[in-house]
Amino acid sequence: ARFGKTRFVASLETESLTVAERRVLPIIAEWKKAIDLAKHGHSDLASEIEQWRNYKVSYKKAGLSDAEIADIMLDVASDLHPDQSQASNVYEVLTGSKLLLVEHLEGFIATQTLEPKSIDMKRTDILRFIEKFTFAQDVTKRAVMLWVEEELVGHQKLALTSCRRIISNIRSYWSYLERYKELELADPFLGVVPAASKKKTK
């Protein structure tokens, strides 16, 4: 645990490091145990994030400040994940620095009023994309362009019309994230599907 941080003590509105430790250590122990248990059989990041959010809400209701909760999350994430990059991912998703694409997919699907078959296709197309891009911050126009050309066209041998449908469905999800989940990134999809070659006229 990193209780030497001045910011951590300040977030507890006390100048005493001993008081800060006594107040927060039981919370960290409880949170760590609950999340560790939740991870059994649910190793994917989305399941873990959901559990984190539930505890974040409960401690917010209990009167902890945002700064205090953020420090607890950082401490617990670092202890649960020896791989600090994973700990960083958890912390950044929970504090809003990163957006986990799979986390909001079903919320988006619930807004769709299409036929079941069309909704299933849309979900499949978006999941295909999420297999490549975990976080919205991973998505750049260049990366999407390479994914379309190398994976969809090159490896999966999809027709360009299918690629355009896939990108259109992904784009609708991206728009949902912009409108409802505060995603603010440049549009990475414009022109990513190669233009169809024109047939030569005799």
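1. Aromatic pairs: in this predicted model, a search of the whole structure finds 10 aromatic pairs, where the rings of Phe, Tyr and Trp (its six-membered ring) pair if their centres lie within 6.5 Å, and planes under 30 degrees apart count as stacked, over 60 as edge-to-face and the rest as tilted. One of them joins Trp174 and Phe189, an edge-to-face pair with 5.4 Å centre to centre and 85 degrees between the planes. This pair links distant parts of the chain, since Trp174 belongs to helix 9 (residues 160–180) and Phe189, 15 residues apart from it, to the segment after helix 9; helices (H or I, at least four residues) are DSSP runs numbered from the N terminus.

2. Both Trp174 and Phe189 are buried, a word that means under 20% relative accessible area, with exposed meaning over 50% (1.4 Å probe, protein chains only). Ring pairs also link these two residues with Phe129, Phe133 and Trp147 into a cluster.

3. Tyr176 and Tyr180 form a tilted pair, at 5.2 Å centre to centre and 50 degrees between the planes. Because they are four residues apart in helix 9, about one helical turn separates them. Tyr176 is buried, with a relative accessible area of 12%, whereas Tyr180 is exposed, with 54%.

4. Lys98 lies over the face of Phe135, at 4.6 Å from the ring centre; a charge sits over a ring if NZ of Lys or CZ of Arg is within 6 Å of the ring centre and within 35 degrees of the ring normal.

5. On conventions, residues are numbered from 1 along each chain as its sequence is written, and side-chain values use heavy atoms, without hydrogens and water. Local features need pLDDT of at least 70, and side-chain atom pairs count only at pLDDT 80 or more, while totals for chains, interfaces and linings use all residues.

How values were computed. Helices (H or I, at least four residues) and strands (E, at least two) are DSSP runs, numbered from the N terminus.
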